Amino acid sequence: MASTSRFIPEPKTAAIVGCPFSGGQPKAGVDRGPIHIIEAGIVTQLEELGWQVKFDGHHQFEEISDSLKEDPPIGILKNPRLVSRVTEAVANAVGGHAHRGELPVTIGGDHSLAIGTISGTLSQYPDACVVWVDAHADINTVETTDSGNIHGMPVSFLMGLGSKVPEYSWVKPALKTDSIVYIGLRDVDAGEKKILRENNIKAFSMHEVDKYGIGKVVEMALDHVNPNRDRPIHLSFDVDALDPTVAPSTGTPVRGGLTFREGHFICEAVYETGCLVALDLMEVNPSLADQVSVEQTVAVGCSLLRSALGETLL
């Protein structure tokens, strides 16, 4: 059942980093996502796949938000200090787990958290590559963001693109432009398209998924960032990559997304490489749909996590 991991020693330990955080975007409720996924039994489900699972409660960011008496915008960036301090705490948590040979499984929360998760991974595995599965490129800079919502900006912070924001001086621009690959893009801002083109960043939109099929796309994506299948992989999965019929309960749904199976295939294929060292599941928002849709989205989230950690159909 389990392919051997190149980087995670036996007995394999998955450390769940629960991040009930919504400060990178304006819609309430995404901070409830991790709580629902834990309540749905993900710890036991991963144990049944042969993982030792560490989960000692969700990270509580109240003390960070309480210590910030006020957090006025920087330019149009919303909650800039809160997002910086929370993501720095997440980077330390994820980096600590990675340092101990554990596989951090970060459950968000909004995708601004990836500033922290990927910083944490790169602190332990400087040559890691990132497979970013999302409807959105999340690579807006201070100059290109229309909304000021930092969940649309984490990749630019990780790469050091755009003007520097002093609050984020802790973020090392450690992610190289050829070390990330996108799958599932379909709602990309004009400014982001320009950034992707100018920096030669590899992206497979839904057009390529339709054209080649998901098997070929994943193979091409891995060939780009990990040609010898020997680099550590950080998989950052935004549930809005999936079509809203599959995962309706998310903040920025976009029609025409990945099917249930396409999403799972990506997770299965990454696991099969034996190179996975960190996993994010982001943007499950249980407040944005009816009860049935919420339960469906939470169940899909759990299922994706299981697939990325070794569950197979046979």
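**View 1. Arg229, partly exposed in a loop.** At 21% relative accessibility, Arg229 falls in the partly exposed class (buried is under 20% relative accessible area, exposed over 50%, partly exposed in between; 1.4 Å probe, protein chains only). Arg229 sits in the loop that links helix H9 (214–225) to strand S7 (233–238). Its phi is positive, about 55°, although Arg229 is not a glycine. Helices (H or I, at least four residues) and strands (E, at least two) are DSSP runs, numbered from the N terminus. Keep in mind that this is a predicted model, where local features need pLDDT of at least 70, side-chain atom pairs count only at pLDDT 80 or more, and totals for chains, interfaces and linings use all residues. Residues are numbered from 1 along each chain as its sequence is written, and side-chain values use heavy atoms, with hydrogens and water left out.

**View 2. Asn200, another non-glycine with positive phi.** Here phi is about 55°, and Asn200 is exposed, at 63% relative accessible area. Look for Asn200 in the loop between helix H7 (190–198) and strand S6 (202–205).

**View 3. The cis bond between Glu10 and Pro11.** Omega is about -10° for this cis peptide bond. Pro11 belongs to the segment before strand S1 (13–19).

**View 4. A cis bond from Gly108 to Gly109.** This peptide bond has omega near 25°. Gly109 is part of the loop between strand S3 (103–108) and helix H5 (114–124).

Of its 314 residues, 60% are buried. The C-alpha trace spans about 50 × 40 × 40 Å along its principal axes.
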